[in-house]
Amino acid sequence: MKSFSVKGNLVNIEERKIYPAEIIVEGGKIRSITNLEQQTLNLEHYILPGFVDAHIHIESSMLVPSEFARLAVVHGTVATLSDPHEIANVCGIEGVEFMIENGKSVPFKFNFGAPSCVPATTFETAGAVLDSKAVEDLLRRDEIKYLSEMMNFPGVLHGDEEVMKKIEAAHRLNKPVDGHAPGLRGDAAKQYINAGISTDHECFTKEEALDKLQHGMKILIREGSAAKNFEALIDLLHDYPKEIMFCSDDKHPDSLVLGHINQLCARAVAKGIDIFNVLQAACVNPVKHYKLDVGLLQEGDAADFILVNDLENFNVFQTYIDGGLIAENGDSKIANFYETQKPVNNFSCKEKQPSDFIVACNGEEQLAVIEALDGQLITNKILVAPKVIDGTIVSDVANDVLKIVVVNRYNNAPVAKAFIKNFGFKHGAIASSVAHDSHNIVAVGVDDESICKAVNAVILCSGGISCIGSNGELVLPLPVAGLMSIEDGYLVAEKYAAIDKAAKELGSPLSAPFMTLSFMALLVIPHLKLSDLGLFDGDTFSFV
C-alpha cells in the first residue's frame, strides 16, 4: 500500500484542540501527524476518528455483515460492537461463524461478542443452546471481544450457576461484559453491576441512567429504528463524557441508508453539547472500553479516520479504514462479496390454516392486552373487554385491539394467540420471522384469514416479512436464518421501505410497524409480551 498524505483541520479529541494538520499514512498506519498552525492555509474540512456503533445486532438491518458495512461506511462508521445473539438463537455456533466469516470479507472492523443468552429465556422455543462451555470457547477466540448483553439479570441477581460461569469466563479472559437490565435501580442495580457487568443500553429514563452511572456502569445512549432513548438521556453527556457511548441496537435498512452514528453527533451538537464530549462518545470511548484495534488519530494507530465538511451536520465525504479509501462522496467502495458464502438457516414448520388462529371465548370478561408504545421496546399491560362473535374472541378494529400470534418456526406446534393495542390496522395483516429473541413468526392482523396468509407467506420463503392488504401481498424474503437478505443492501432498503409503506397504509400510526412487531415477542423487556408458548409477564417472569 502506497504512502499518502491528507490535510485538514484535525480534531484532537484527547487534547480537546482543533488545528490544521497533515497526516502521513504508510502501510495502513498513521506514520506522522504534523501541526500546520504556523502556515497560512485555507482548510475547510475536518479530520476525525471514524465513528463506532457501541452495540448493534447486524441481523436487524436485514443485511449480512458485508452489506451492512457497504452502507455504514458512507456515514463514517468504521467499526461496530456486534452482538450475533439473533442468529445464534436460530442457528447456534454455525450462525456466529457465518457472521464472523462474512464480516472478514470486507474492509470494515466488526467486533463480535459471545452471545450470553441463547436461548434468551426458557419461556420460548429457540433454535439453539449455547451453554457456559460453548460461550467460553467463543470468548477464547481473538475475533470475540466481549461477552454480549447479559439479559438474564434475574439469573445474575440470584446467582444462577450457568450465568455466573459465563461472566467469570469473560473476566478470566480479560474481556468486558455487556449488560441489559431495563428498569433496574438501587440495590438490585448495584448487585448486578458488582457482578462485573460494565455497560447498559436499556435505560429509558435519565434517573435510571444516573443511578447506574453512579454505581460505576457506562451508559450507551440508544437510538435505533424502534427504541429511541436519545432525547431522554443526551443531557448526561454534559457531565459524563468518558462514561457515555452511542449505539443503534437495531437499525433497519432504510434507516441505515439515511445515516448512522453521524446523525446522533449532529443532534447532540444541535442541543449544545460540547463537540469534544460528543466525539468522545462517538469515537473514543468504545475503542478504549473494548480495547479495539481501531485507530484514534494518533501516530502509530491504524489509519481509520473520516473527513467531514463541518462539525454541525457531520456530512462525511471520505472514510478511510486501515489507510484504504472505503467511501467517498456518498459512494461506498465496498464490493458485494456475499454470493461466495452459503446461507445458513433453521426453519421447519408447515403452512397454517385460518382455523389455527381462532381464539375460543371461555367466558372472559376482561383480556390482558399488550399495549405497544411507539419508539419503545417496553409495553404496557392493559385490561380490555373482549369482542366476541359466535363464541370466539376477535379483533376489535373500532377500538384498535387486534389479534397477535406467534408461530413456532422450528416445530409444528399450536399457535400462541393474544391481543394487542396501537397497531391501528383497519384491514389486512403483517408477519415477520424477525422476532426477538427466538425469531419465531410473529403476526398482527384484523382477521384470521389475513393473519394466516401473512404467516404462510413467511413460511413459504423460509423466513422474511410480509404484508397482506387490499392491494395484494408483499413479501421480503430473508433466507439467511430468516433474518437477513442475500441481496444488495440498497435494494433491500428499497424493498423494505415499500413493505413498510404498505403496512402503514393498513392504518398503522407506528413509525416502524415491523420493528415494533419484532419486539412483541421479546420476553426480557417488560411488561407484557407473547412467546410461542403463551402470554408472558416480564415483571414476574411468568406466564399470564
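A residue counts as buried when its relative accessible area is under 20%, as exposed when it is over 50%, and as partly exposed in between, using a 1.4 Å probe on protein chains only. With 1% relative accessibility, His180 is therefore buried. This is a predicted model, in which local features need pLDDT of at least 70 and side-chain atom pairs count only at pLDDT 80 or more, while totals for chains, interfaces and linings use all residues. Residues are numbered from 1 along each chain as its sequence is written, and side-chain values use heavy atoms, leaving out hydrogens and water.

Let's stay with His180. You will find His180 in the loop between strand E9 (177–179) and helix H7 (186–194); helices (H or I, at least four residues) and strands (E, at least two) are DSSP runs, numbered from the N terminus. The His180 side chain makes a polar contact of 2.7 Å with that of Glu149 and another of 3.1 Å with that of Glu202. Such a contact is a pair of N or O atoms within 3.5 Å; within protein, one must be able to donate a hydrogen and the other to accept it, and residues adjacent in sequence count only if both atoms are side-chain atoms.

Now turn to helix H12, which covers residues 275–290. Of the 16 residues of H12, 15 are buried, so the helix is largely enclosed by the rest of the structure.

How values were computed
The expected span of a helix is 1.5 Å times one less than its number of residues.
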